[in-house]
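Visitor: Could you take me on a close look at one part of this model? I'd like to know what the side chains there are doing.

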Amino acid sequence: MYSVSFKFNGLQKTDEQLNVCVDDAENRLRERMLTKSGFDVVTKQIEHLNASFRDFDENGNGTVSLDEFIKAMFRHQFVGMDDVLTALFHRYDVNDSGSLDFREFSNGLYGVNPVPAASVECRSLCQTISRRLTQGRGNRALVLALRQLDKNGDGTMEPEELDHGLREFGVDLTPGELKVLCKYFDRNSDGRISVEEFNHTVRGDINQWRTRMVHLAFDHIDADNSGAICFKELKEAYRADLHPDVQHGIHDEATILSEFIGSWMKDEADTISRTEFLDYYKDASLAVASDDDFTQLLKQTWRSRTALPRQGHVHVMITQHDGAQVHAAIDPVHLPQRQPLDKTTIELALRRQGAHDILKFKVLDGAPQECVESG
C-alpha cells in the first residue's frame, strides 16, 4: 500500500497514521453507544447504532452513502474529521460499492462479523503482502492469477489455492499467517476465502485525488457517454506508442495493445464498467509512489479530449465581508472526485476546510480558467 497523506487537526497524516485515527474513531463510537444504551449488552448497543443510521437511510434499503454516513456520524459528535470518516467508511465498504450496509458496519464494528481492515493483526499482514507484491510482479497480475484459480467462478478459493497463488508471486506465508487470512477472509466459515475481499484489503483504497483522476480519465475515454467503455473506445484512446517497451524498441505498438486488451480478461464484445476501470487503477496505484506520478501515468496511457488537471492544491484569494483578504490553499482531498471543478465546488471545498467568511474569491492557481473568480 502506497503512502497517502491526509489533513487531520492541521497535520499531514500518512496512511498508517490515519489508520490509528480511524481505530480511535471506532473506539469513541463504541464508547458512545455504550453510554447511549445505558451500559446495556452489545446487542442493544448495535440496535442503537443501527437506529441512528436508519434516520439517514433516505431510500430505506439498509445502506447509506458516504455523505449520509458522515451526516449520521456528525450526530454522534464526530465533527471536522471528514478525512477520518471517509477512511472509516471505506474500511467497511469491503466490496467498494460506494454504499455501506449499516447493519454490516455495526456487526463489524463489534466483531460479530470481523472485518479484515479493522483488525490490526490482519491489516499488518496484508500490508506486508502488499509490500512484497510491489517489489515483485505487482498486485494486478496477482488479481488476474487468483481469478484464474477460482475454478467455479464464485469469487472464493480454498486456503491452499491462495497460498499457492501467493507463492507463485514470491510471497511465502507461514502456517500462522495463512491461519490469520482464513480467520478474516473465510466469512462464512465454509473453508473458502473471499478473493475480492482479500484483494480489497491488500491493495487498500486510493486517495480522493487519484480517484478523481481515474473518473475523469474514464469520462474522456467513454466518448459516447454511455457509462461504459467499449473496446473500440479503449483501443482508440490507449497510447501504446508511449509504452516504455515501445519507446525502447522491445515491442511494437500492436503487441503492447494486444497485451493490454488481454489483461482485462474480457470478450471484446463486452464493455468495461466504471467500477472495473477504477479497480484496475487501484491495483496499478500500489506501485506508484506520488500523486504527480500517478497523474502522469494516466496522461501517458490515454489520449484525452481535454487535459487532465494537474495534482496539487488550488490556491485562492478570499475577500471577507469586512474587505480583508486572506490566502487559502485547498487540499485535493476536499475537491470533488468525479465532477469537474467550478465556482460552486471550490466554494464548498473552502467551507469544508473551515473558511466560512467568504464574500467572494479569486482562484490564483490550480483550477480551470472558467472558475477563476466568484462574486
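Guide: Let's start with K232, which counts as exposed at 57% relative accessibility (exposed means over 50% relative accessible area, buried under 20%, partly exposed in between, with a 1.4 Å probe and protein chains only). Before going on, please note that this is a predicted model, where local features need pLDDT of at least 70 and side-chain atom pairs count only at pLDDT 80 or more, while totals for chains, interfaces and linings use all residues. Residues are numbered from 1 along each chain as its sequence is written, and side-chain values use heavy atoms, with hydrogens and water left out.

K232 forms a salt bridge with E236, and their closest N and O atoms are 2.8 Å apart (a salt bridge is a side-chain nitrogen of Lys or Arg within 4 Å of a carboxyl oxygen of Asp or Glu). The two residues sit four residues apart in helix α12, so about one helical turn separates them (helices are DSSP runs of H or I with at least four residues, and strands are runs of E with at least two, numbered from the N terminus). E236 is partly exposed, at 47% relative accessibility.

Now look at E233, which also belongs to helix α12, residues 231-237. Is E233 buried or exposed? With a relative accessibility of 8%, E233 is buried. A polar atom of the E233 side chain lies 3.2 Å from the backbone nitrogen of D224. For the backbone nitrogen of C230, the distance to a polar atom of that side chain is 3.1 Å. Leaving out residues up to four places away in sequence, E233 touches I221, D222, A223, D224 and A228 (contact means heavy atoms within 4.5 Å).

R239 is partly exposed at 22% relative accessibility. D241 also meets R303 in a salt bridge, at 3.9 Å from N to O. This pair links distant parts of the chain, 62 residues apart: D241 is in the loop between α12 and α13 (244-247), and R303 in the loop between α16 and β9 (314-319). R303 is partly exposed, with a relative accessible area of 40%.

For context, the count for the model comes to 17 salt bridges, and the protein has 17 helices and 11 strands. Buried residues, E233 being one of them, make up 48% of the 375 residues.

Technical notes:
Polar contact = N/O pair within 3.5 Å; in protein donor to acceptor, adjacent residues only side chain to side chain.
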